[in-house]
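Subject: Handing over a structure

Dear colleague,

I am passing a structure on to you, and below it you will find an account of what turned up in it. Please look through the sequence and the model before reading on.

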Amino acid sequence: ASSPKLTTHCSDIQEVRRCTRLEMPDNLNTFVLKVNRGSLIFETDNDQQVSSWTTELKECINNR
């Protein structure tokens with residue numbers, strides 16, 4: 001079993017959005033997670049995973 005390398009509370013999330021082509025021109029399946037401590041860029045295997053992750057995280061933000 002693996003353990004998470006990063007943990008944060010939903011209350012720490014400030015923004016979730018797809019990366020623009022200017023930010024990540026060679027990696028289309030990426031998104032930005034802005035938290036109180038800074039910004040993190042995540043890369044997924046495909047567009048469906050980006051949509052799934054960002055949708056779940058946005059729901060977390062909206063439900064707090």
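**What was found**

The side chain of threonine 54 reaches the backbone oxygen of valine 50 at 2.8 Å, and it also reaches the backbone oxygen of serine 51 at 3.2 Å; a polar contact here is a pair of N or O atoms within 3.5 Å, where, within protein, one must be able to donate a hydrogen and the other to accept it, and residues adjacent in sequence count only if both atoms are side-chain atoms. This is a predicted model, in which local features need pLDDT of at least 70 and side-chain atom pairs count only at pLDDT 80 or more, while totals for chains, interfaces and linings use all residues. Residues are numbered from 1 along each chain as its sequence is written, and side-chain values use heavy atoms, with hydrogens and water left out.

Threonine 54 sits in helix α1 (helices, H or I with at least four residues, and strands, E with at least two, are DSSP runs numbered from the N terminus). With a relative accessibility of 8%, threonine 54 counts as buried, a word that stands for under 20% relative accessible area, whereas exposed is over 50% and partly exposed lies in between, using a 1.4 Å probe and protein chains only. Neighbours within four places in sequence aside, threonine 54 is in contact with Val16 and Phe31, contact being heavy atoms within 4.5 Å.

Because phenylalanine 31 lies in strand β2 (residues 30–35) and phenylalanine 42 in strand β3 (residues 38–43), the pair ties together parts that are 11 residues apart in sequence. Phenylalanine 31 is buried at a relative accessible area of 2%, while phenylalanine 42, at 30%, is partly exposed. Phenylalanine 31 also forms a stacked pair with tryptophan 53, at 6.3 Å centre to centre and 25° between the planes, and this pair links strand β2 to helix α1 (residues 47–62), 22 residues apart.

Threonine 44, in the loop between β3 and α1, is buried at 9% relative accessibility. Its side chain reaches the backbone oxygen of asparagine 46 at 3.0 Å, and, not counting residues up to four places away in sequence, threonine 44 touches Asn29, Phe31, Gln49, Val50 and Trp53.

The largest nonpolar core has 8 residues in all, namely Ile13, Val16, Phe31, Leu33, Val35, Val50, Leu57 and Ile61; such a core is a set of buried Ala, Val, Leu, Ile, Met, Phe, Trp, Tyr and Cys residues joined through side-chain atoms within 4.5 Å. The elements giving two or more residues to this core are β1, β2 and α1.

Finally, the structure holds 1 disulfide, a term for a pair of cysteine sulfur atoms within 2.5 Å. The disulfide is formed by cysteine 10 and cysteine 60, with their sulfur atoms 1.5 Å apart.

With best wishes

Definitions and conventions:
Phe/Tyr/Trp six-rings, centres within 6.5 Å; stacked < 30°, edge-to-face > 60°.
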